[in-house]
Amino acid sequence: TLYLRYELIDYVQKIIDVSDFLAEVNPETNKLISKTFLYNNYLDYAKEYFKRAFEYTDQDAELYYLSGLYYLKKNEISDAKNSFKKALSLNDNYIPAKIRLEELG
C-alpha cells in the first residue's frame, strides 16, 4: 500500500513480476495483492488478482469478503451480497461480512 501511496511503481511492478513464484511459497500472496489494489482503488488490477487468488482456494472467508467489497465499489450489489453470504457460509462468525450484509438489507 505504501508503494502505491508514494507512487513507487517500480517496486510494485517488481512484486507483481514475481507474484506467481511468491504464490507458490505463500498461497495468500494474490489475496494480499488484490487487497492492496482494492484499497487503493485500482479495481481492474484487484479483479485480476482476485481471480488468481480464487485459483488457489475457494475456501477463504476473507477472500469472499474482499471480493464483496470489490463488487460494492463497482455498485454490483447482488454480487456483493452473494460474496458476503459465501464468506458467512465458510465462517458464520465473520463479523465484517455480517455487518455489510446488514447494511445492504
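Analyst: A crossing of two helices is left-handed if the near helix is turned anticlockwise from the far one by less than a right angle, and right-handed if clockwise. By that rule, H4 passes H6 in a left-handed crossing. The model is predicted, so local features need pLDDT of at least 70 and side-chain atom pairs count only at pLDDT 80 or more, while totals for chains, interfaces and linings use all residues. Residues are numbered from 1 along each chain as its sequence is written, and side-chain values use heavy atoms, with hydrogens and water left out.

User: What makes up the secondary structure of the chain?

Analyst: There are eight helices and zero strands, which gives the pattern α-α-α-α-α-α-α-α along the sequence. Both kinds of element are DSSP runs numbered from the N terminus: helices are H or I runs of at least four residues, strands are E runs of at least two.

User: Why are H4 and H6 called roughly parallel?

Analyst: Their axes cross at roughly 25° and come within 11 Å. Axes are lines fitted to C-alpha atoms, for helices over the stretch in contact, with angles from 0 to 180 degrees between N-to-C directions. Angles under 35 degrees count as roughly parallel, over 145 as roughly antiparallel, 65 to 115 as roughly perpendicular and the rest as oblique. The angle falls under 35 degrees, and therefore H4 and H6 are roughly parallel.

User: Which residues of H4 and H6 meet?

Analyst: From H4 come Lys31, Lys35, Leu38 and Tyr39; from H6, Glu62, Leu63, Leu66, Leu69, Tyr70 and Lys73. Contact here means heavy atoms within 4.5 Å.

User: What makes Lys31 count as buried?

Analyst: Buried means under 20% relative accessible area, exposed over 50%, and partly exposed in between, with a 1.4 Å probe and protein chains only. Lys31 has a relative accessible area of 4%, so it is buried. Lys31 sits in helix H4, residues 29-39. Leaving aside residues up to four places away in sequence, Lys31 touches Ala53, Asp60, Glu62, Leu63 and Leu66. Other buried residues of H4 include Ile33, Phe37 and Leu38. Over the whole chain of 105 residues, 32% count as buried.

User: Why do H6 and H8 get the label roughly parallel?

Analyst: The two pack at an angle of about 30°, with their axes 10 Å apart. That angle is also under the limit, and H6 and H8 are therefore roughly parallel to each other. Their crossing is left-handed. Tyr65, Leu69 and Leu72 of H6 make the contact with Pro96, Ala97, Arg100 and Leu104 of H8.

User: How many aromatic pairs are there?

Analyst: The count is nine. The rings of Phe, Tyr and Trp (its six-membered ring) pair if their centres lie within 6.5 Å; planes under 30 degrees apart are stacked, over 60 edge-to-face, and the rest tilted.

User: Which aromatic cluster does Tyr42 belong to?

Analyst: Tyr42 forms one aromatic cluster with Phe37, Tyr45 and Tyr49.

User: How do you know whether Ser83 is buried or exposed?

Analyst: Its relative accessibility is 7%, under the 20% limit, so Ser83 counts as buried. Ser83 is found in helix H7. Beyond residues up to four places away in sequence, Ser83 touches Tyr64, Ser67, Gly68 and Tyr71.

User: Is Asn82 buried or partly exposed, and what makes it so?

Analyst: Asn82 has a relative accessible area of 43%, between the limits of 20% and 50%, so Asn82 is partly exposed. Asn82 also lies in helix H7. Asn82 and Ser67 are 15 residues apart in sequence and 9.8 Å apart in space, C-alpha to C-alpha.
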